Amino acid sequence: MSRVVTFGEIMLRLATPGFARFQQAMPGGMQASFAGAEASIAAALAYLGADAAFVTALPANAIADACVADLRSLGVETKHVLRTAAGRLGVYFLEHGANQRGGNVIYDREGSSVAITPANEYDWAAIFAGCEWFVISGITPAISRNAAEVARVAMREAQGRGIKIVCDMNYRTKLWNWEPPLSARELATRTMRELLPMVSVFVGGVSDATAMLGIESSGDLQALARQIAKEFPNLSHAAFTLRDGSTSAAQCFGGALYEAATDALHTAPRHTITQVIDRLGAGDAFTAGLVFSFLQNSDPQTTVAFATAAGCLAHSIEGDYNYSTRSEIEALMQGDGGGRVSR
């Protein structure tokens, strides 16, 4: 199976226990794990059996050692993770939503190692050796001006080697603040429009296209995908996560995949989720499922169905990483979603 490389920031995730609010949980215990979009994608791919590598920069300390060890335990290749004297491990704090109350994320990641390490510190030739797919998200260029430049260099290096680039847009309004007085949306739109011409596969929600590309949607998903492909002719596919929710616990999750060469939109059946355990990382699981199916040379309908089932199952797992097996995902694709006990 071909090698997949992902690049971005990994952080320490500190979540309140259960559905406690920050003020209830602190001082007191918080649940610690590691998280980050590209790291989550690499972890999910490795868990499915793919050859996946994650690249980032981390400080040289014991907590970052634990972070790297955690990725390795899942089968993720980490040999190109830089260890730096400057910078820190970013942190994000999570308060889960419940019923009609939405979740809340507080970032503490300014000055992280990956945010300040310049592009020339990475050995791109070694990183991309034997690589067929490169995955990055819109979160990485949002972190800092330097990270946006590193993302640009990484994508240029990948494109120059004929590597297919997947970009999961992941608009984060709290992060795009490194060029005042531009608003988050203005900065995101300008930056991502500079990067998208190098991308082969667009991944996102309808709101991502609106917020980051300035493309308004009429509600016709195929027309939106067609417009994105027209503006960025290097795109072979545009994939969308489709989500509706009545409460934090009750969600409906679906997916669609547009194939530019045939102007065809393929949709997967939506999955009704009545008990969300943790919704963070579901989009990453969708992207990982999409890339894994591309590696299998699956047909478009199978590809979007597999990605959607992977994203659905991620809602049942605490933490950002999707510990769902290929057989579990394929069983859900075939309609086995009753949650029966395997004995």
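The expected span of a helix is 1.5 Å times one less than its number of residues. Helices here are DSSP runs of H or I with at least four residues, strands are E runs of at least two, and both are numbered from the N terminus.

What we have is a predicted model, where local features need pLDDT of at least 70, side-chain atom pairs count only at pLDDT 80 or more, and totals for chains, interfaces and linings use all residues. Residues are numbered from 1 along each chain as its sequence is written, and side-chain values use heavy atoms, with hydrogens and water left out.

Start with helix α12, residues 300-314. Its 15 residues should span 21 Å, and the end C-alpha atoms are 21 Å apart, so the two agree. By buried I mean under 20% relative accessible area; exposed is over 50%, and partly exposed is in between, using a 1.4 Å probe and protein chains only. Among those buried residues are Phe306, Cys312 and Leu313. They pack against α2 (37-48), β13 (251-259), β14 (264-273), α11 (282-295) and α13 (326-333).

Next, the cores. A nonpolar core is a set of buried Ala, Val, Leu, Ile, Met, Phe, Trp, Tyr and Cys residues joined through side-chain atoms within 4.5 Å. The largest has 61 residues, and Trp124, Phe134, Trp176, Phe202 and Ile228 have the most contacts inside it. Helix α7 (residues 145-160) gives the largest share, eight residues. A second, separate core has 57 residues, including Phe54 and Ala305.

Now zoom in on serine 137, which sits in strand β9 (residues 131-137). With a relative accessible area of 1%, serine 137 is buried. Its side chain makes a polar contact of 2.8 Å with that of glutamate 38. Such a contact is a pair of N or O atoms within 3.5 Å; within protein, one must be able to donate a hydrogen and the other to accept it, and residues adjacent in sequence count only if both atoms are side-chain atoms.

Technical notes:
Contact = heavy atoms within 4.5 Å.
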